[in-house]
Amino acid sequence: MIKLRAPLFITRHVLFALVAGSVGGVVFMFFLLEFDHFTSSNEFCLSCHSMTYADDFYRQSVHYNSPSGVRASCGDCHVSEGIIMATYDHAVGTKDLIKQLFGPDYDDPVVNALHLPEAAFAARDWFRTRDSATCKRCHTQEAILGTRANTAAIHQEDAQGKTCIDCHVNLVHRPVPERQTFKREAWNQLVEEEFGLEPGRAAEILAEP
Amino acid sequence: MKYPILFLVLVVAALMTATPAPAAKVTLDASEWGHPEGDNCISCHRKASPGLTEQWRQSAHHAAGVNCMDCHQADPADVDAMTHEGQVIATIVSPQDCGRCHQTEFEEQAGSVHAEAHVMIDARVPALAHQLTGAAMQAAGCDQCHGSRVKVRGDGTLDSATWPNSGIGRINPDGSKGSCSSCHGRHAFSRAQAREPEACVRCHSGPDSPDKEVFEASKHGMLYKAQRAAMNLDADTWVAGQDYTAAPTCVTCHMGAAGKIPATHDVGLRNVWSLNTPVSMQQYLVVLEDGAKLELPADSKPPKRGTELTKADGTTGIVKVVAGPDRRRQIMSLVCLECHSKTFTASFMDQFDAVVELYNGKFGEPAAAIMEALYQHQLLTPLPFDEPLEFTYWELWHDEGARARHGAAMASPNHAWWEGMYLVGRNFYSRFLPQARAVAGEAAGELIDPVLEASAHHQWLAQPEAANPILGWMPPPEPELEPEPEPESEPEAESVAAPSDAEADSRIEAGGDD
């Protein structure tokens, strides 16, 4: 008869620690899952006032209003899939929270609009380094047919070697030029005209700490 | 070779008889075009926008190896540059861009009445487009012909209040003026298309410059329509009298090569008169050192070479060359001579000039003088188009008067007369004068009558008894047998311009009170 016997170093305390650790680990994993889920929701993102400006344009886009009722949330596009990468993205994303708390007053629509281009460039870089992974959660390139005659052919022949974000910029949020042709002075002027500011005021606002 | 000298003579003879190329040839080396990324554009755009791609594919540009990037490439620093599929491009291809290859045409059109079409009316546009109607009309109306001042928004997009636009005086983001595609349809840029009268029709039609209608109603238009197949429109060179003789088009007279006259992209070069002004003026064409051009009234002394002049946009330039009205008329007439005799040509020009001078002396100048007097005496407000008389005056010279003058310039009797000077006369006597008198009130005798009395043109009104059967009624012949005694003193109309109030009511003013 074989007698199962725990090794000697498995003392009662160790056993207790293992059980507690396992249970704690499982609870922590559930917590992370729920945490990532919650912090990917529109409600969470929009709990910062500064995000409501992004929301305005999002609500006009087909990613919010699709005829089929499929609606992409903030996290669907901006948080990676899988608990590890999702947690990582949220960890990195805390810098936004820190900036929100200690940086410029992004709640101010003027400040928000003035800083928008850099945010857009960073977001595009994020999509590009991940090969537009979050787009592909829903969109399968080979299956794109479109409503026009040659949309399918373009996505199969001409999109080779490209990633979604290479072509599909300015899809959801306020249009911003690509970094290469972006002109800060022109953007400042646009914001000044939009908010009725004195010429040169935008540059002053940007220079404020 | 058996006959080397004969061969040489034949070659030289062949070269000498070869036609000189009237259109400027592209001198840029072919290595300067054929951008390596061009093929990638085509791969996608033949699916995404097959219409324009196919037009390009059938074009001379395609045949020469000129692709999308050659025209649309941009520098990242350009205000309208955008990143598209990894390339930096601009939507608008300006005359300056086309000028990279087509330098001669770019320089010729620069400063022309076409290129300056926006600047010339810039100050006047708000009166009609903003006040009378609304700003939307500037984008959809005025600017579609005169060109817009294209605004690039801070996000890199073109402001929809100013674009799409291919108006010929468009002020482009790169600062150049004009739009080649105004006449040269994208993306085929077919020379045959640009030589057709239809190339001009989008703007040169309608009440104020009915050149399409005038041309079609002229003998030139009649012949063009009947003999279009013989126009050789697609020829490499297109010299009137040499490559085609069937009929002239707009291009032939205003831009085309003819005999020894070279082609030009300065479309106003051969025009003596301003025909779209309240009073027509003969004009100098002044070419400035920087290539810009100006037109100045020819009743003053010509500006001297080297003097400084202010341009339409407010900047200044140094005078380089001045072409007087005679020189401009001479160039136009040389085109005529390819098909007409010298006396025919000179006499036609006499007929044309006489119409312009008649318009000026009988209607344009008096009407302008009366309006000026009414403004000066504050009988009219300075604000345009808030009084009916201002519309009447505007239509007198801008529509009806322009039509009469254009009709005479291009030999459409219908437009010179029924659509033109007849309406000018009807307006002047039955609307303009009665309204002006009403505005002037008691001051009419001081402000209006002297203007009319100053010229013999209006004396005919002083003979109300001069009958004519045109309206179907003639006074019965006076009985000859019993001559009645002379009435004591028939009250003569003192003058045409100052009829008694009662008389005026029953005559011109009664008909004009609309």
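Buried means under 20% relative accessible area, exposed over 50%, and partly exposed in between (1.4 Å probe, protein chains only). This is a predicted model, where local features need pLDDT of at least 70 and side-chain atom pairs count only at pLDDT 80 or more, while totals for chains, interfaces and linings use all residues. Residues are numbered from 1 along each chain as its sequence is written, chains are lettered from A in the order in which they are written, and side-chain values use heavy atoms, without hydrogens and water.

**Exercise 1.** Classify the ring pair of B:Tyr393 and B:Phe432.

*Solution.* Start with the rule: rings of Phe, Tyr and Trp (its six-membered ring) pair if their centres lie within 6.5 Å; planes under 30 degrees apart are stacked, over 60 edge-to-face, and the rest tilted. Here the centres are 6.1 Å apart with 40° between the planes, so the pair is tilted. Finally, check accessibility: B:Tyr393 is buried at 14%, and B:Phe432 is buried at 0%.

**Exercise 2.** Now do likewise for B:Trp417 and B:Tyr422.

*Solution.* The ring centres are 5.7 Å apart and the planes meet at 65°, so this pair is edge-to-face. B:Trp417 is partly exposed at 42%, and B:Tyr422 is partly exposed at 32%.
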